[in-house]
Amino acid sequence: MATVHLRIGDLVWGKLGRYPPWPGKIVSPPKDLKKPRGKKCFFVKFFGTEDHAWIKVEQLKPYHPHKEEMIKINKGKRFQQAVDAVEEYLKKAKGKDQAHSDDKSKSDKGRKAAKPMKIIEEDDEDAFKGGSSDKEQTDSDPEPSSVRRLVAGTVSGFKWESSPVKDDPHFHHFLLSQSEKPASSMEPITKRLKIIEEDTRSTSIQAADSTAINGSITPTDKRIGFLGLGLMGSGVVSNLLKMGHVVTVWNRTAEKVQSKCDLFIQEGARLGRTPAEVVSMCDITFSCVSDPKAARDLVLGPSGVLQGIRPGKCYVEMSTVDPETIMELAQVITSRGGRFLEAPVSGSQQLSNDGMLVIVAAGDRSVYEDCSSCFQAMGKTSFFIAGEAGNAARMMLIINMVQGSFMATIAEGLTLAQATGQSQQTFLDILCHGQMASTFVDQKCQNILQGNFKPDYYLKHIQKDLRLAISMGDSVNHPTPMAAAANEVYKRAKALDQSDNDMSAVYRAYIH
């Protein structure tokens, strides 16, 4: 397949995973950031966001020839703001170019006109090497000729790769947040949507539908409500807005309502005064709170969700709670003519921010289908578990039980290494080159060694999940001795005032 010869400084449309094509500029990567192995790619800075990413050549299009096409298929306030930022950039670049031409008009006469972009085959190594001799641009002041090159003409025969990640296991995106140091914020991310079907007597699992036009998300025209703007909820709302959904928000912690909600209102969200008002204003309302009590209070309390439920209104409970709470909420919602879905998520604050959560749903299948674009915006994969409401809660508690127990075991290994005179860093290096290697292990252990326990998933919440999983095991007379042991370690960490730190702070239970 033919690809376009691009260079540093060019403005492009970049396709990042299953996100819509987004305007950006090819820039020089940080010196300490290595290019991922595999196919040719460029480092792109996206307009209107804090994100940078390595993007394969096949997932890049020149900005000007495809501008009208992209504006037609993409919606959302943030997308429009990004396009406006490009136009402002072009205006400034044009001004600089004009000033430069006025000052050096004589010398410019001898210069050759900028060549139109060249179509090259992917295996044309010399053409790619030629780009390395171009003068590198800075992010703030690109060479004006790079802007002129973009207007050189359209490129025929250029198509997005339909499944950029699924068929290429060697390709990863590397997102860099400008608010963090590159060394600590670089994270490999592989977006893929699995379709899994499993026929059993009690449970069938099926992933969410694929994305729509050009692999991007077509947002539902239903009005979305979101209750709870904590570690997970904030990232979810941000991605819903980014993908063009109409969202009304409310946060249950009074002292944090104004600051959190103001942030999203600036991005296009609306503000609801109470849960009941949000539900009455919206077609589908999601909630994501900390524990069973908070989930019940949100629905059954004063000005709660139940007061806003009318026939046809949809309520989606994303909190990780016990199945009994889910069944109670499902009963009261449906008794008012509402439609209920549980959809707890597996992930962390970072994964929520990146739209990489895993959603596990159960309940009303039609609500699950109505939430398709929302789940695509917030997660990399979603599963629907057949059977009664409560099945997703059961599955998520098991998942978190395993994760919490694993984290405690890793902390135990790190402290035992130290106690026996072994290098903790060497322990981590060996672990990350073996069969247990994972981003989770690497990030958690590195944070422990750096003394960084900033919450990505609260320790108090993983302990809550362990407690609920143990109780669930007791209800069916199934032993959970490993989870019970891990639970005691987390309880000790809580006693050491680690509740509001990250779950990796369980490490401190072993050193005090």
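The legends below describe close-up views of a predicted model.

Local features need pLDDT of at least 70 and side-chain atom pairs pLDDT 80 or more, while totals for chains, interfaces and linings use all residues. Residues are numbered from 1 along each chain as its sequence is written, and side-chain values use heavy atoms, without hydrogens and water.

**View A. Helices H10 and H12 pack together.** The axes of H10 (residues 292–300) and H12 (residues 323–335) come within 10 Å and cross at roughly 5 degrees. Axes are lines fitted to C-alpha atoms over the stretch in contact, with angles from 0 to 180 degrees between N-to-C directions. Helices are DSSP runs of H or I with at least four residues, and strands are runs of E with at least two, numbered from the N terminus. The two helices are therefore roughly parallel (angles under 35 degrees). Pro-292, Ala-295, Arg-296, Val-299 and Leu-300 of H10 meet Thr-325, Glu-328, Leu-329, Val-332 and Ile-333 of H12 (contact: heavy atoms within 4.5 Å).

**View B. Strand E4 pairs with E3 and with E5.** In E4 (residues 41–46), 5 of the 6 residues are buried (under 20% relative accessible area, 1.4 Å probe, protein chains only). E4 runs antiparallel to E3 (residues 22–26), joined by 3 bridges, and antiparallel to E5 (residues 52–56) over 5 bridges. Strands pair if DSSP finds at least two bridges between them. Val-44 is the bridge partner of Ile-26, and Ala-53 in E5 is the partner of Val-44.

**View C. Met-318 and its contacts.** Leaving aside neighbours within four places in sequence, Met-318 touches residues including Phe-226, Phe-286, Cys-288, Pro-344 and Met-378.

How values were computed. Angles under 35 degrees count as roughly parallel, over 145 as roughly antiparallel, 65 to 115 as roughly perpendicular and the rest as oblique. Buried means under 20% relative accessible area, exposed over 50%, partly exposed in between (1.4 Å probe, protein chains only).
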